Amino acid sequence: MLALQILLGLLALSAPVALYVGFASRDARRPSSPRSVVATFALGMLACVPAELCERALTGLLGPRKVGVGIDLAALVYAYLVAAPLEEGLKVAAATPAFRLRVGQHRPIDAIAYATAAALGFMTLKSGLFLIGQPFSLIAPARTALTTLTATCLATWWGFALGRDKQGRMGGGWFNGAWVSAAGGNAIAHHVAFARGPASVLATLPILVVAGVIAWVAVRDVLQRGADHVKIEAREREHAPKKSRLLPLAPPSLRAMREALKRSERPISLFWIVLGMLVTTGVITAMLVGAVLLGRRLGFEFAAIDRDASNAIAPLLLLASAALLSFLFAGWIVARASAARSVLEPAISALLAIGGAIVLLGLAAPVAVVIALACAPLAFGLACLGAWLGLSDA
C-alpha cells in the first residue's frame, strides 16, 4: 500500500512537469534560454517555502477548516483574500529575475515560459508537501495534479501580458487584470479541490479547460507577435504549413475574438438581450429536467450531491454536462433568431443568465455557489462559441 501511494504521488507530481516539457520543447515554443527556465522552476519551488510557512502560521491562528461539506466563510476568505494573492505574488517574484536579467535577449514567448515555470515549480513543491501529510487515497493525487495544471495554465495569462508589453513592465491594465484573474481562478480551483468533498474535485475541470484554452490562444498570439525574431522559421512554416493531427481546427486568434465581440453597424438591441437571457434560462431548465429524468432511469441518487459523497460523481457530471451544453445551444439559438452580426448580444445574455443563476443559488443553495463560479467561465465560453457557430451558419 505504501509503495502504491508513493507511485501515485510521484505520478501526480511528474505528469504536469512532463506535459510542460513536452509542450515547451517543440519548435518555436522552445525558450531562448532553457537554463533560465530551469532556474525559474527552482526559484518557484523556493518561493513555495515562505508561502507554506506563512499559510500554516495563519491557519494555526485563524483555524479555517480545510476539508468539509457545506459552506465555510472563513475558508472562503482565507482562499480568496490571503492564500491566492500571496501565492500568485510569489510566483511573479520567482519569474522576475530571469525576465529582468535577460532584458533585450528574450522573445515574447520567453515571458510565458518563465511564468509557467515559476508556477509549475511552486505547485510541484506545494503538492509534494500536501501528499506527504495525507493518508492513502486516490483522490489526493488527482487533486494535486489538477490544481498544478490549472495554476500553470493560469500563470500563462500574466506571462502573456508581460510578453506583449514592449517595455516589459510588470504593471499596467493588462498585467494587473491578468494577475487578478489568475489569482481568482487559483482561489476557486483550490477551494473546490481541497476544501470540499471528493465529488467537488470535478469542478476544477471547467477552470482547467478555460485556463488551458486561453493559454493556448495566448501562446499562438505571442508566437505571431514574435515572428519577426524568427523570420527563417516563419517562412518555412508559411511555405510548408503543418497541421496538427490532434487539433485540426485551431482555436481562434485574439484578433478574431475581438472582431467577433465588436459592435456591429446595428445598435445593440435590449429586446434581444432580455429575450436571450430568458431563452438561455429556459434551455438550462429544460436540459436539467431532461438530465434528472435520465438520471432517474439510470438509477442515480441525486441526493448524494448534497452530502458530497463519493457516489455523487456520476449525477454531478450528468447535471454539469447538461447545464454547460445548454449554454452552447442557447447561444446558437439566440444568434440565429436575432440575426446578430456579432456575438455581443448573446454574450451579454449569457452573462445575465449566469449572474441570475448564481444569485438564485446563493439564496437557495449557498453551498453550490463556488461550484457555479468554477463553471461560469466555461459556460460563458460555450455560449459565445454557440453564438459564433450561429453567425457562421447565418
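Q: What should I know about the model before I start?
A: It's a predicted model, where local features need pLDDT of at least 70, side-chain atom pairs count only at pLDDT 80 or more, and totals for chains, interfaces and linings use all residues. Residues are numbered from 1 along each chain as its sequence is written, and side-chain values use heavy atoms, with hydrogens and water left out.

Q: How many helices and strands does the secondary structure come to?
A: Helices (H or I, at least four residues) and strands (E, at least two) are DSSP runs, numbered from the N terminus. Here the protein chain has 14 helices and zero strands.

Q: What share of the residues is buried?
A: Buried means under 20% relative accessible area, exposed means over 50%, and partly exposed is in between (1.4 Å probe, protein chains only). The areas themselves come from the Shrake-Rupley method with a 1.4 Å probe, and for residues only the protein chains shown count as cover. In this chain of 394 residues, 44% are buried.

Q: How does the reach of helix α5 sit against the expected span?
A: The expected span is 1.5 Å times one less than the number of residues. Helix α5 covers residues 139-164, 26 residues in total, and its first and last C-alpha lie 38 Å apart, close to the expected 38 Å.

Q: Where does α5 bend?
A: A bend at a residue is the angle between axes fitted to the seven residues ending there and the seven starting there. For α5, look at W158, where the bend is about 25°.

Q: Why is α5 described as largely enclosed by the rest of the structure?
A: Count its buried residues: 22 of the 26 are buried, so α5 is largely enclosed.

Q: How many salt bridges does the structure hold?
A: A salt bridge is a side-chain nitrogen of Lys or Arg within 4 Å of a carboxyl oxygen of Asp or Glu. The structure holds five. One of them pairs K126 with E52, with the closest N and O atoms 3.1 Å apart. That pair links distant parts of the chain, since K126 is in helix α4 (residues 108-132) and E52 in helix α2, 74 residues apart.

Q: Which other residue does the side chain of K126 meet in a salt bridge?
A: That's E55, at 3.3 Å from N to O. This pair also joins helix α4 to helix α2, with K126 and E55 71 residues apart. Helix α2 spans residues 34-62. The two side chains also make a polar contact at 3.3 Å, a term for a pair of N or O atoms within 3.5 Å; within protein, one must be able to donate a hydrogen and the other to accept it, and residues adjacent in sequence count only if both atoms are side-chain atoms.

Q: Is K126 buried or exposed, and what about E55?
A: K126 counts as buried because its relative accessibility is 14%. E55 is buried too, at 6%.

Q: Where do E88 and K91 lie?
A: Both are in helix α3 (residues 73-101), three residues apart, about one turn of the helix. Elsewhere, salt bridges that share partners join E52, E55, R56, E87 and K126 into one network.

Q: Which residues make the nonpolar surface patch?
A: Patches are made of residues with over 30% relative accessible area and no salt bridge: like charges are joined within 9 Å, nonpolar side chains (Val, Leu, Ile, Met, Phe, Trp, Tyr) within 5 Å. Here L325, F329, W332, I333, L385 and L389 make a nonpolar patch of about 500 Å². Its largest share, four residues, comes from α12. L385 sits in helix α14 and counts as partly exposed because its relative accessibility is 40%.
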